[in-house]
Amino acid sequence: MMKKLLIAALVFFATACSQKNPSGDIVINVEVENPTAKEVGVVIDRVIDYKIALDEEGRGSLTLSGIGDVFPKIVYGEDSSKKIFLEKGRNVTLKLDSRTFKEEGVEVEGYNEEACDYLQQVTLPKPPDFGLNWEPFTADLNQKLEDVINHMTELKLDRKCPEFFKLEKDRLDYMFAHTLIMYPLGHAWKAGEFSYNDTYYDAIRRLIVEREDMLYIDAYRSFLEQGIPVLLEEKQGFKSAYEKRLGMVQYVVDNFKNEKVKQTIVYTMALNYILANGDKQTDELMALVRKAVTDPELIADFEKQVSTLDPVSVGFVSPDFKAVDMQGKEFSMKDFAGKYVYVDVWASWCKPCRQEQKAMKDLKKLFEGRRIAFVSLSVDEDKAAWKAAVKEDKLVGDQLWMGKGTEFQQIYNIKSIPRFILLDKSGRIINPDMTSPSDDKTALTLRKLKFI
């Protein structure tokens, strides 16, 4: 009798342990040894990420509701992250040591431990040689994909972690297919121009499908963002990145039938663009999102993220300016395209500004012949006073008069001068509150810029 009870208890225990949460929630418990940070990040993609607050003992928890299986990055400390797999409806415990996290990663207990170990250790093969013609290139790519899947089978992940194995095969398919999107440019660079044809477009088109089971997997979502424009450009061109994004979102609205997939992809495509470029002059995109997305949680999150945007965040395209030089020639941001731009906002009546202008001479001399423009924008109300100061101090660089109270000043919230701003070659903000020319850190920062 006791033996039967023991067997029954073990069967009950095994059944209970294998059951999923009825709600479908993913419950994450975290245990950090020797904690040095106050939170652990769970990053699904650019739009969706979570933070797990830790108590004094390095413990914390998070419940993910309303999402499916995911492959998030676990982030702890600076520049340290590890990819794992979380299955919908499962409870897991993540254990890590702050001293060894970067090298040893995170230990996952509960479900799919072997899969998580694999993800933290695997190194995917490099793409085939872009110099190959299309047929041998795709054959080589497919062989590399097959080799990775065979390796997982050798590790018995198909039996140990069946849900992971099924999704990982599809995730890899999307990851490797990103290489197909890059092929025309890569081939043109290495071997000459590529002739677009139906075979190429069909290879992209086969993966532009509605996959609710992969909706929260970054490889799937990012492929849609890169692959849909390929199909659109087969029939039409785009004059700007914004026009392209509008076309992408409209394509999803017109062609996707699964409401959850359609609304989520519209939400992420629009939000990705706005987070990278700001919401200025995006009325058509905003209207398209608000019409297509009816899920209250998605639209609430969209509005919240848009409302908290800082228009001069790092990575955003800088607000433009209109200014004139000493001869009256007009300048704007486009005149400095292809160069880094170090902006100095100043005025003739500002003594600290005049002192920094002297330091600017030395800085400009230090980077003479490099791909950087030193642009001084005067906010003098009196244009004649600006001209007199430029002549008197024999100022160098691009000396331009912008005037007082411009939109450029308002958007950057410039309430005191001098103010310095650093932009990249495409006009995106590197630092909206850059160090001054007289600060030794400035030259060090500029030297570290790529291809300056």
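This is a predicted model: local features need pLDDT of at least 70, side-chain atom pairs count only at pLDDT 80 or more; totals for chains, interfaces and linings use all residues.
Me: How are two packed helices described?
Reply: By the angle between their axes and the distance between the axes. Helices here are DSSP runs (H or I, at least four residues), numbered from the N terminus. Axes are lines fitted to C-alpha atoms over the stretch in contact, and angles run from 0 to 180 degrees between N-to-C directions. Take α6 (residues 162-191) and α8 (residues 218-233): the angle is about 30°, and their axes are 9 Å apart.

Me: Is that pair roughly parallel or roughly perpendicular?
Reply: Angles under 35 degrees count as roughly parallel, over 145 as roughly antiparallel, 65 to 115 as roughly perpendicular and the rest as oblique. So α6 and α8 are roughly parallel. Contact means heavy atoms within 4.5 Å, and among the residues making it are Tyr 174 and His 178 of α6 and Phe 223 and Val 230 of α8.

Me: How does α8 pack with α10?
Reply: Helix α10 covers residues 259-277, and it meets α8 at about 70°, with the axes 11 Å apart. These two are therefore roughly perpendicular. Tyr 220 and Leu 224 of α8 take part in the contact, as do Ile 265 and Met 269 of α10, to name some.

Me: Is Arg 205 buried, partly exposed or exposed?
Reply: Buried means under 20% relative accessible area, exposed over 50%, and partly exposed in between (1.4 Å probe, protein chains only). Arg 205 counts as partly exposed because its relative accessibility is 34%. You'll find Arg 205 in helix α7 (residues 198-205). Leaving aside neighbours within four places in sequence, Arg 205 is in contact with Leu 231 and Glu 234. Leu 231 is 26 residues away along the chain, yet the two C-alpha atoms are separated by 7.3 Å.

Me: What is a nonpolar core, and how many residues has the largest?
Reply: It's a set of buried Ala, Val, Leu, Ile, Met, Phe, Trp, Tyr and Cys residues joined through side-chain atoms within 4.5 Å. The largest has 130 residues, and Phe 321 is one of those with the most contacts inside it. A second, separate core of 14 residues includes Phe 374 and Ile 452.

Definitions and conventions
Residues are numbered from 1 along each chain as its sequence is written. Side-chain values use heavy atoms; hydrogens and water are left out.
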